[in-house]
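Notebook open, viewer loaded. I want to see how the pieces pack and what sits around the annotated site.

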Amino acid sequence: MEHIKIPKISDYSDDSIVQPSDFKQDFDLVSPEEIKYFNETLVNDYEELNRSPLIFGLPIPQKVADLRNWMEENLHPQLRIDHEPIFFHDILVIRKVENVRMIDRYNNKNSIVGTLYLTATHLIFVDPEANAETWILHMHIASVEKLPLSTTGSPLLIRCKTFLSVTFVIAKERDSHDVYSTLIKLCQPVNIQNLYCFQYTSSSEELVKSAGWDFFKLENEFRRMKVPNDEWQLTTMNKDYALCDTYPSQLIVPRAADKSILLGSSQFRSKGRLPALTYLHSNKASISRCSQPLSGFSARCMEDEQMLQEIKKTNPHSKVLYVVDTRPRINAMANRAAGKGYENELFYENTKFHFLGIENIHTMRASLVKLIETCEQKSMNGFLSSLESSGWLKHIRSMLDTSSFIANAISKGISVMVHCSDGWDRTSQVCSLAALMLDPFYRTIKGFQTLIEKDWLAFGHKFNDRCGHLQTDPKEISPVFTQFLDSTWQLMLQRPNAFEFNERFLLILHDHVMSCQFGTFIGNCEKDRIDLKVSEKTFSLWGYMANHMNEYINPLYCPGEVEDIKPNLSPQLIRFWRGMYARFESGVHPRENIGDTLLESREHCASLEDHVQHLTKRIGSIKNLISKSAKKLQTNSANLLQTATGRSINDNKFNYDNKKLSELQSADHDHPLKSDDVLSISDCNNEVNQITNEINSVALDWKSLRSASVCACSTPFSQEMKKTHCWRCGEIFCTRCIDKTFPLPGHNSGKPVPVCRACLKIVSQVSP
Ligand SMILES: [Zn+2]
Ligand SMILES: [Zn+2]
């Protein structure tokens, strides 16, 4: 295929900024299809705006002329920049608006005046006085609202999926409208190929595109549960997604269920989502999941009835199978009028039917809107009544309640089959939460990722629709996954030693599900992701997370201590998650997060212990050297004396081991004054220099997190920002400033550790 050259698309995610020095003038190859895409898609999108053209974040080539030439040769005239390009941190700016007032509702006493930059992927506000930058990823924007004109200008209220909300007052109405319409376009692309993940390229050489895509395989997770076995088999009937296109290609079903049963059951279930195994406990009780039956008021399906009998029979210890319908009874009954509904206990032998009353996605969406309003309340009364009317905590509790019901049944040895309507929202929530309560593996970092891969990604939770990645029906958006993370957090509060991961892990996961920076959560089901070739074209969140593992560790975790979690669901124990929904609210969080402080102390101790080991070794070798030199000096002077007097004064050869004896003997043959045999002055100096280097390379004191207010790059630290210590100087940096690890000469282990840029320069020069 013929390729033409295009300047490399820059990477400028929140935590990686391309430095001018980093940019080499290399050009990436881009296919003619991609150029076609640049020209067609972008021109179409921007014709309507009739405004600033958009070029995907091309970094500054060393000569701006190169960029101009390239654009003139390859791009549609409308996409070419007809003025001098503006750059910010090497990112091409689409729009730059000066004199913008930012009203941060968290500290809105003083509004800040600064400059707003609009790039292809971020909205950046720069406060020149505090030297602070506020970066908002377009994909994180949930809504942009034009507020009524004020005397100072035209305000835009931006609410983010990360629960940041900020208002920019732009002096000229025309500029404001321009920014508004551009953001509306950019935050929810029409075309899936315009999602951030398809443009994102990592600047870190530690992260390669293929990393993480092979971390989880559904078959491996089933093998961990010892499936297939005598009761359960792997069916290939959904190999090409013919049976059910929103299901995984590999399905585990009862061994006794033949093809006609599977086919019949699938046809009798909404969207073909037939009952399939998702979790098998050690006592042979299992959780299966599916969608509602197409039963209407009286329809029956022999194959579907047979299917449930076969599921029941896989568990020899129980004579009954629980069928859990997570919906409120009234919703399930209403569905009957549409030819759907629920199982009739009279037709399904040996089943026990339960309605468990979790509300639908529309109720949850409305609840979140009210919860966000709750966070904006100023008075205590306002906060309490708003929290109550949102019903959020009640919904979280009903989720935990249903999951706990399922987990209890499994513990008692009764298998459960779960469904809601289509079986991809509430069913995903409760199946994964029940498994989280039952199996300690799912409470490890790897296990939690596996759980998400299985019950959310493989079984087809509609991430695209529920997160609103693309411009779709707003009624499809719902915080279903956020509620799952919230429920997990509630369990973590109750059992702080049972989870390997911390709160930050959940927040990062949440934000990246929304950011579309990685292809992991793109699409609505497994088949979508295969069709989109995300594993070839995009980075995996799991690969990225593997490089940041040390940030997610819960220092209180005691593996093996907690078998199953039986949550206490007293209403007093269901808490409002301040760290998620009010995380940008300054002043409501502790200045020192206890988890971060513990982790920091643990790392500091590890560094010091490593240094102690190194120094102990050093002292040993210096001792050796000194005693060797001293003995040589002694021998030499004895020889001198012997030569002078003609007789031996002291022969201490027996004090040496054989190797040293032979060394000494050979030295004896040489001239007694030969200087090489003792430590020379220059040797000593080198040794001293080296030791000084080693000692200086390990910080004995680490700056306390409490006193850290700004990074060396003058970025003010906010509560939610991850702060990292440089292990060499002990100072605290933001994640943009510490992105490299390097082994320190003063450590015995030689393990690469985080170092700041200035220290990296020093240690990398010293080491060979
Ligand atoms: Zn440093
Ligand atoms: Zn910094």
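**Ground rules.** This is a predicted model, so I keep local features to pLDDT of at least 70 and side-chain atom pairs to pLDDT 80 or more, while totals for chains, interfaces and linings use all residues. Residues are numbered from 1 along each chain as its sequence is written, and chains are lettered from A and ligands numbered from 1 in the order written.

**Whole chain.** I looked up the secondary structure and got 23 helices and 21 strands; these are DSSP runs numbered from the N terminus (helices H or I, at least four residues; strands E, at least two). Of the 768 residues, 37% count as buried. For burial I use C-beta atoms placed from the backbone: buried means 20 or more others within 10 Å, exposed means 12 or fewer, and partly exposed is in between. Taking contacts with a separation of 6 or more, 69% come from residues 24 or more positions apart; a contact is two C-beta atoms, placed from the backbone, within 7 Å.

**Annotated site.** Which residues does UniProt list for "binding site"? The unreviewed entry gives Asn360, Ile361, Cys420, Ser421, Asp422, Gly423, Trp424, Asp425 and Arg426. They span 67 residues in sequence, yet no two of their C-alpha atoms are more than 12.1 Å apart, so they gather at one spot. I keep in mind that such annotations may be inferred rather than shown by experiment.

I checked two of them. Gly423 lies in the loop between strand 17 (416-419) and helix 11, and it counts as buried with 28 C-beta neighbours inside 10 Å. Leaving out neighbours within four places in sequence, Gly423 is in contact with Arg273, Arg289, Cys290 and Ser291. Arg426 lies in helix 11 and is also buried, with 28 C-beta neighbours inside 10 Å. With the neighbours within four places set aside, Arg426 contacts Thr326, Ile358 and Cys420.

**Helix 11 against helix 12.** The axes of helix 11 (426-438) and helix 12 (445-458) come within 9 Å and cross at roughly 150 degrees. My axes are lines fitted to C-alpha atoms over the stretch in contact, with angles from 0 to 180 degrees between N-to-C directions. The pair is therefore roughly antiparallel (over 145 degrees; under 35 would be roughly parallel). On the helix 11 side I find Ser428, Cys431, Ser432, Ala435 and Leu436, meeting Leu451, Asp455 and Trp456 in helix 12. These divide into five nonpolar, two polar and one charged. My classes: Ala, Val, Leu, Ile, Met, Phe, Trp, Tyr, Cys and Pro are nonpolar, Asp, Glu, Lys and Arg charged, and the others, Gly among them, polar.

**Helix 11 against helix 14.** Here the axes come within 10 Å and cross at roughly 20 degrees, helix 14 being residues 480-494. Helix 11 and helix 14 are therefore roughly parallel. Gln429, Ser432, Leu433 and Leu436 in helix 11 meet Val480, Gln483, Phe484, Ser487, Thr488 and Leu491 in helix 14. By class I get five nonpolar, five polar and no charged residues.

**One loop.** Asn554 is in the loop between helix 18 (541-546) and helix 19 (578-581). Is Asn554 buried or exposed? Buried, with 22 other C-beta atoms within 10 Å. Its C-alpha is 5.4 Å from that of Glu500, 54 residues apart along the chain.

Methods:
Angles under 35 degrees count as roughly parallel, over 145 as roughly antiparallel, 65 to 115 as roughly perpendicular and the rest as oblique.
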